[in-house]
Amino acid sequence: MIPEAIKVKKSSRCVALTYAGVEYQLSFEMLRVLSPSAEVRGHGVGNEVLQFGKKDVGLLSMEPAGNYALKLNFDDGHDSGLYDWKYLYHLCLNQDALWQDYLDRLEAAGKSRESSQINFKAL
C-alpha cells in the first residue's frame, strides 16, 4: 500500500505516513532499529543483530528507490536497507507491538536505548 503523503517531522523526530486519510508517525529511532537491512535483520532467521544506543539517532535524508521503496540515511552512518511500501505499512499498523518487542529484547540483552557517545552542542 503506497502512502498518500510522506513528511519528515524533524522537530518531533519522526516520519509521518498517511494512508486512507490516517496519519501514522514512525520515530527515527524505530525506523533505525527495525531497518530492513541485512546489517539489522541478518542473513536468515536467528541472525538478527539487536540495535541499541539509537535513542537520539537522526535522519539525514530520505529518497525514493524506484517506485517501490524509500532509502533512509541516518546520522550514525546507517544507510543500507530499502523500506518498501509493504514494510512501511506493516510498521505503521503494528508499531505498538513491534516497539514493545524491541524494548523487551533490549531488556533481556541488558542493553539500553541511550547512546554511549557524548553529544556536543554549540553554545
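User: Where do aspartate 101 and arginine 105 lie?
Analyst: In this predicted model, both are in helix H3, 4 residues apart, which is about one turn of the helix. Aspartate 101 and arginine 105 form a salt bridge, with the closest N and O atoms 3.1 Å apart.

User: Which residues do salt bridges join into one network?
Analyst: Arg32, Glu39, Lys54 and Asp76, through shared partners. Within it, arginine 32 pairs with glutamate 39 at 3.5 Å, and lysine 54 pairs with aspartate 76 at 2.7 Å. The lysine 54 and aspartate 76 pair links distant parts of the chain, from the loop between H2 and E4 to the loop between E5 and strand E6 (82-84).

User: Is arginine 32 buried or exposed?
Analyst: Arginine 32 counts as buried because its relative accessibility is 2%, below the 20% cut-off. Glutamate 39 is partly exposed at 43%.

User: Moving on to lysine 55. What does its side chain make a polar contact with?
Analyst: The side chain of glutamate 114, at 3.0 Å. Leaving out residues up to four places away in sequence, lysine 55 also touches Arg13, Glu29 and Arg113.

User: Now the core. Which members of the largest nonpolar core touch the most others?
Analyst: Leu26, Leu31, Leu88 and Leu91, out of 24 residues. Helix H3 (85-109) is among the elements giving two or more residues, and its 8 residues are the largest share.

Methods: Residues numbered from 1 in each chain as written. Predicted model: local features only at pLDDT ≥ 70, side-chain atom pairs only at ≥ 80, totals over all residues. Heavy atoms only, no water. Core = buried A, V, L, I, M, F, W, Y, C linked by side-chain atoms within 4.5 Å. Buried < 20%, exposed > 50% of the residue type's maximum accessible area, 1.4 Å probe, protein only. Contact = heavy atoms within 4.5 Å. Polar contact = N/O pair within 3.5 Å; in protein donor to acceptor, adjacent residues only side chain to side chain. Salt bridge = Lys/Arg side-chain N within 4 Å of Asp/Glu carboxyl O.
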